Every structure is written in C-alpha cells, then in structure tokens.
Amino acid sequence: MSISLLLEMAQGSALAIRGNAAVVSGERRWSVEDLSTLADGGSGVIAASGASHVAYVGAGGSVLPLLLFASARAAVPLTPLNYRLSGDGLRTLIARLPEPLVIADDEYLDAVGDIGKRIISTAQFLTETRTTEPASAFADPDTAAVVLFTSGTTSAPKAVELTHTNLTSYIMGTVEFDSAQPGDAALICVPPYHIAGVSAALSNLYAGRKMVYLTAFDADEWIRLVDAEAITSATVVPTMLDRIVGALEHSATRLPTLRTLAYGGSKVALPLVRKALELLPQVGFVNAYGLTETSSTIAVLGPEDHRAAFGSDDPAVARRLGSVGQPIPSIEVQIRAEDGTVLGSDEPGELYVRGEQVSGRYTGIGSALDADGWFPTRDIAYLDADGYLFIGGRSDDTIIRGGENIAPAEIEDVLVEHPHVRDCAVVGAEDAQWGQIIVAVVVPAPGASPDVEDLRSFVRAQLRGSRTPDEVVFRTELPTNATGKVLRRELVEQLSGKESA
C-alpha cells in the first residue's frame, strides 16, 4: 500500500473527528483535514512540474508531513536533504536525483543556487497547494516513496531507497491505529532528512497523536514546549538528551505531562541515561535502535526494562541498560562471524537483519540483501542469553593494533564511567610500529582536570592491557552530526595537530 493511505486512514481517527490540531509548527496549526487538503493540492503542484523526484532543503516542521503525502499522491519520491551542508554539497546531492523539483526554505535558496532545475520556495509551494487541482496518480507500493542520503560519517553518502511497502509495513507492524489517548501530543525535533524524522511524521499521525515540531533545537525551548503543549511523548538524539538533562538540573519543572521519552540515533553514555532516569522518575524511557536502510526502529529497550536494569543488583540485568533491547516482532536478527557462521549468545560478530521493512537498496548500486533477504548492517553486536541486543559500534571503526582487533566501544564504555569524564570517543591513529594506536579523545566533566595516567590506569584495571589508550587527547566537545553520531573520521583527521599528553 502507498503511504498516502496512512493519511486517508487518519482522516477517520478520533483526532480527525474532533477536528483538533494534528500538526503544530510555530504559529501554524493544521487539522488532519487541513493536511489532507494541502497534500492534495501539493500533489498537483508536483505533478504539474513534470518532476520525477522532489528534493526538499529546509528545517522541516509541518512541511515534512505535507511533502511526504503530497509526493506520495503524485507518485513521486521525496528526498529531504541535509540543509546544514554547504552549497556545493547540496548541489552535488541534487545532481544525483532524476529530474527533481527542488523546494527550499527561503534561507536556503541562495545555497541551492541556479543548478538548472526547477526551484521554488517553500512559501510559494504552500501558496500553490491552495489553488492547484490534485494529481490523479497512485504510487506502486514497490516503488520508492522516500530516498534518504546516509550521513556519510566514514564514506560518501549513499542514497537509500525506501519503498511504500517498507515504510507502511514498519508503521503498521509497530503502531496500533488510532491508539493515542485524547490529548496525546508528540514533540518532534529530529531533522527531516533523518529516518527518525520521516517515521515520526508517519507513526504519530497513524496513532492519532498531535505532532508539535521544534525545528531549531534549544533545551530551554524544548522544556517550555513540553509544558505549553502538554507533550506526552518525545524523541531526541543523545546530544539533545545531554542538553535537556543539563537544563533540567537547573530548572524547577519536572515535565509532569511527559510519559515517554525515546532516544536513539547513536549510542548514549550510561551515566547520562542514569541521570535522566533519576531526574524524571515518572517518565518511561525508550532506547530505539534502527538504520535508514531498515525504515527506522528494529529493536527497542522499553520503559520497564530501563527501570529494571537501573535498579538491579544482578549484573546480567543491570548491563541491559547498555543494550538496545530486543528486536521488534517483525524483524529477524542474526549475529554472524566473518565466515558467515551464525553465532550464539554473547558471541560478537556482524549484525544481519531481515524483514519486510528492510530495504537495503541503494540508488545506482542495487540491493545489499543476500540471497535469503538478509541485510548486513556493518554494526558489531551480540545477543545475550535472553535475546537483548548489544551494539558495539561500526565494523569500520575497528582499531587494528599490532594485528589485534579492538572495538572502540569496549574502551569508551569503561572510560565514560570515570567521574572526571563527561564524554569520550576512541579512535585509531596510524603508527609505524603498531599499524594503529589507540587514541582516547576525552571531554572532561565540568570543573574537572583529568589526569592522563589516572585515565589510562582506570581503563587498564577493567580491560586487558592491550585496550589501554596509548594517547589521550582533551577536547571541549566531540564533533557530531545532527543525530549525535560522533564524526570519527573528523577526529582522526584532527590528530595530526593534536595536543596529547
């Protein structure tokens, strides 16, 4: 089925029947019927342009769900682009899209420039949706609904094709239709070009939950909106969670309406998770793990597991707080050795996943699925005896020191527990003797001046000596992308001018 049918179903939800706001973004407040009417007109604008693709450059907000459904009703794929890229970066990605209509927020029109494509402003698009007849196209469920460029933290971005079937199977397999309670509201601040932004728009509408957008994240404004809009659920990335926790430590509010706070996009340091659990005892925390290629979440650590692990004296239960939970019912997982052998419990290897929501297809490259439909995530992981999934980082991040493979996450998990460490990342640097050496990039805790040898001894006491950082570099912050993933390649490039101790 086409994702446009999700909007048609939502028109029969309790939220639509009540006529309340379904999408809130700044001063803009649309009902489900408003969104559907605008999507109809938007489909006509897209169809009239003759475009084979829609590219969007902007901060999102209410424009994202509108473009998702307008493009679907025009049977044309949508690609939200990373508006933080340079003009050259944006034009390079746009050039990879077939005959695109480019829709850009005013502040990004200059960055897009004159690239020989049809370009209109978001404001103009919104105006034209109100006067244009709907398109009559109907999308083939097996064609691409959304094409997203990967973050490219270790290589050039790939264009991931997500079909209507991929997306609708994820939504309908994980969300109960019209299941929201009256007054439920979700605060969305993840970027539109990330799969979490796409899935948030689809899943909250399908559940019948009001969506409130915060397009420029600020922790104090996030807290204000939670109170002002009576937010009941929200999704954040690790850097956002860190800033929210910091703001809450200096605030009297404890977000009384908030029931669920999901985090994901990259690994979150356990001290931060524990602090959040302490500050917000009434909130159910959810760790959601997924990839662009899997149409969003494939494993979840739910509220009960968070609280059970947080308060447990049993090491096997307590360590689950560092897991991403258990695979969702519609997803199969395997952990494989380099030779393809399927591994057992507590044996680390590469994570493979399979399910209808898994695409694994890239424009210009083809499918990465094997003959049996399994997708290689390139994440190192293991499953414990109870089926909890632990992610150890990307296989590309592995440090090979003197012929020994070392997972940075193994060292990071120890180092971040040091009381003088706020955050850290471990990378490999080229070395003539060892091939690579271990470099720990440390962000000190506020007011702390960590001692290098103390940090090294702290790691050595808990891991084998070969895991001890050879060097320690201090930074005020780690370079990350919009979803909180550490840009390890950037750290490695910086090491040529490092100030090490």
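The following dialogue explains the terms used to describe this predicted model.

Reader: Why is aspartate 34 called partly exposed?

Author: Buried means under 20% relative accessible area, exposed means over 50%, and partly exposed lies in between (1.4 Å probe, protein chains only). Aspartate 34 has a relative accessible area of 34%, so the residue is partly exposed. Aspartate 34 belongs to helix H3 (residues 32–49); helices (H or I, at least four residues) and strands (E, at least two) are DSSP runs, numbered from the N terminus.

Reader: What makes helix H8 (residues 164–174) mostly covered?

Author: Eight of the eleven residues of H8 are buried. Among them are His164, Asn166, Leu167 and Tyr170. The buried residues of H8 pack against several elements, including helix H1 (4–10), helix H4 (63–73), helix H9 (195–207) and strand S14 (296–301).

Reader: Why are H4 and H9 called roughly perpendicular?

Author: Two packed helices are described by the angle between their axes and the distance between the axes. Axes are lines fitted to C-alpha atoms, for helices over the stretch in contact, and angles run from 0 to 180 degrees between N-to-C directions. Angles under 35 degrees count as roughly parallel, over 145 as roughly antiparallel, 65 to 115 as roughly perpendicular and the rest as oblique. The axes of H4 and H9 cross at roughly 80° and come within 10 Å; H4 and H9 are therefore roughly perpendicular to each other.

Reader: Which residues of H4 and H9 meet, and how are they classed?

Author: Contact means heavy atoms within 4.5 Å. Leu64, Pro65, Leu68 and Phe69 of H4 meet Gly197, Val198, Ala201, Leu202 and Leu205 of H9. By class, this contact has eight nonpolar, one polar and no charged residues. Ala, Val, Leu, Ile, Met, Phe, Trp, Tyr, Cys and Pro count as nonpolar, Asp, Glu, Lys and Arg as charged, and the others, Gly among them, as polar.

Reader: How do you know that H12 and H13 are roughly perpendicular?

Author: Helix H12 (residues 270–279) and helix H13 (residues 303–310) pack at about 100°, with axes 11 Å apart. H12 and H13 are therefore roughly perpendicular to each other. In this contact, Val273, Arg274, Leu277 and Glu278 of H12 meet His306, Arg307 and Phe310 of H13. The contact residues comprise three nonpolar, one polar and three charged.

Reader: What is the arrangement of H15 and H16?

Author: Helix H15 (residues 408–415) and helix H16 (residues 452–460) pack at an angle of about 115°, and their axes are 9 Å apart. H15 is therefore roughly perpendicular to H16. Ile411, Val414 and Leu415 of H15 meet Leu455, Phe458 and Val459 of H16. These contact residues are six nonpolar, no polar and no charged.

Reader: Why are S24 and S26 said to stand at the edges of their sheet?

Author: Two strands pair if DSSP finds at least two bridges between them. The open sheet has three strands in the order S24-S25-S26, with mixed pairing. Strand S24 (421–431) and strand S26 (471–474) each have a single partner strand, so one side of each is left without a neighbour in the sheet. The twist averages 30° from one strand to the next. Strand S25 (residues 435–444) and S26 pair in the parallel sense over four bridges. H16 packs on this sheet, touching S24, S25 and S26.

Reader: What makes S20 and S21 paired strands?

Author: Strand S21 (residues 389–394) runs antiparallel to S20, and five bridges join them. Leucine 383 has leucine 389 in S21 as its bridge partner. S20 also pairs with strand S17 (residues 349–354), in the antiparallel sense over four bridges.

Methods. Residues are numbered from 1 along each chain as its sequence is written. This is a predicted model: local features need pLDDT of at least 70, side-chain atom pairs count only at pLDDT 80 or more; totals for chains, interfaces and linings use all residues. Side-chain values use heavy atoms; hydrogens and water are left out.
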